[in-house]
Every structure is written in structure tokens, then in C-alpha cells.
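Here is a short report on one protein model.

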Amino acid sequence: MACHCHGKRGSVVRIASPEDQCTMCARKHVKNAWSKWGEFTYEEDNRDYVSAQLRDAADHLKYEHRETALKCRDLAVVIEENRDAEFGDIAAALTELRREVRSLFYIDHPDAAERLEELRLNAPRPTRS
């Protein structure tokens, strides 16, 4: 899949390598994992999907954001080994990881954070009838 904000350069690329260090790619993988956790009736397939997405995110973070990459990898192992009871709340860990990677993305791309703030400031206010 093409990345429209690749690496800190922010260049558009047609193909992103799994090893490319890119917080946008990592953010995409973590959001995918977060959105699939806990879906009903196909839990085991989703566990495989979630752990794979976390490992993909780790690949995009492992050189420039090693600590976050290790969190992704460690959570993937917990999920793969079905150690939820020992670990605790996986959903909360995924939410925290999603927020952490989003913060890394905004550090790499402050212009995106600025655009979001501009949208917030200029959002139409609801009117009362």
C-alpha cells in the first residue's frame, strides 16, 4: 500500500517496505490491531490478525522508536500465547499503544497536528432552533 506521508521526509511513495521507518505506516497497523480486538464470533482469527499487525508496526518503528516497537512486539507475544489473564486488559494496552504511536506521528509531522487544530478552531458550531 502506498504511503502518502512516508518517513519524516513526508514524501509520497508507491511502495512502502516493511522495514521502512515510518510512523504513519506504524500508526495504520496499530489502528488496524486496535479496531479488530474483541470482535465477536471469530476471536481466534482476529487474535492472529491483531498480533500480525502489531508485529508489522514494530518493523516500522524498530530503529527510530525502539521502545515503542518493543511494546508492539511484546503485546503481540501475549496475544499469540493467549496470556491475557496474566497480562491484564489487552484492549486498554492497545488503546494506549494507539495513542503513543499517534503522538510519535505528530512529532514527525507537526503540520498534521496543526491542520487538526485548525479544523477544531474553525468547525461550525451547532445552532439552536
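E19, D59 and K62 are joined in a network of salt bridges. A salt bridge here is a side-chain nitrogen of Lys or Arg within 4 Å of a carboxyl oxygen of Asp or Glu. The whole structure holds 10 salt bridges.

This is a predicted model, in which local features need pLDDT of at least 70 and side-chain atom pairs count only at pLDDT 80 or more, while totals for chains, interfaces and linings use all residues. Residues are numbered from 1 along each chain as its sequence is written, and side-chain values use heavy atoms, with hydrogens and water left out.

**Charged pairs**

| Salt bridge | N to O distance |
|---|---|
| E81 and R83 | 2.7 Å |
| E86 and R83 | 3.1 Å |
| R120 and E117 | 3.7 Å |

R83 takes part in a salt bridge with E81 and in another with E86. How accessible are these side chains? Exposure is judged by relative accessible area: buried means under 20%, exposed over 50%, and partly exposed in between, using a 1.4 Å probe and protein chains only. R83 is partly exposed, at 35% relative accessibility. E81 is partly exposed too, at 45%. E86 is exposed, with a relative accessible area of 62%.

R120 and E117 sit three residues apart in helix α6 (residues 110-122), which is about one turn of the helix. E117 is partly exposed, at 36% relative accessibility.

**A buried arginine**

R27 belongs to helix α1 (residues 23-36). Touching, or contact, means heavy atoms within 4.5 Å.

**Cysteines**

A disulfide is a covalent bond between the sulfur atoms of two cysteines. The rule used here asks for a pair of cysteine sulfur atoms within 2.5 Å. By that rule the count is zero disulfides. C25 is in no disulfide, and its nearest cysteine sulfur, that of C22, lies 3.7 Å away. C22 is buried, at 1% relative accessible area. C25 is buried as well, at 6%.

**Fold and surface**

The protein has six helices and two strands. Along the sequence the pattern is β-β-α-α-α-α-α-α. Helices (H or I, at least four residues) and strands (E, at least two) are DSSP runs, numbered from the N terminus. Of the 129 residues, 36% are buried. Among contacts with a separation of 6 or more, 56% join residues 24 or more positions apart. The accessible surface is about 8,500 Å², and 52% of that belongs to carbon and sulfur atoms. Areas come from the Shrake-Rupley method with a 1.4 Å probe; for residues, only the protein chains shown count as cover.

**Confidence**

pLDDT is the predictor's confidence in each residue, from 0 to 100. Its mean for the protein is 89, and 88% of the residues reach 70 or more. Where is confidence lowest, and where highest? Strand β1 (residues 3-6) is lowest, at a mean of 54, and helix α3 (residues 66-80) is highest, at 98. Where pLDDT is low, the predicted coordinates should not be read in detail.
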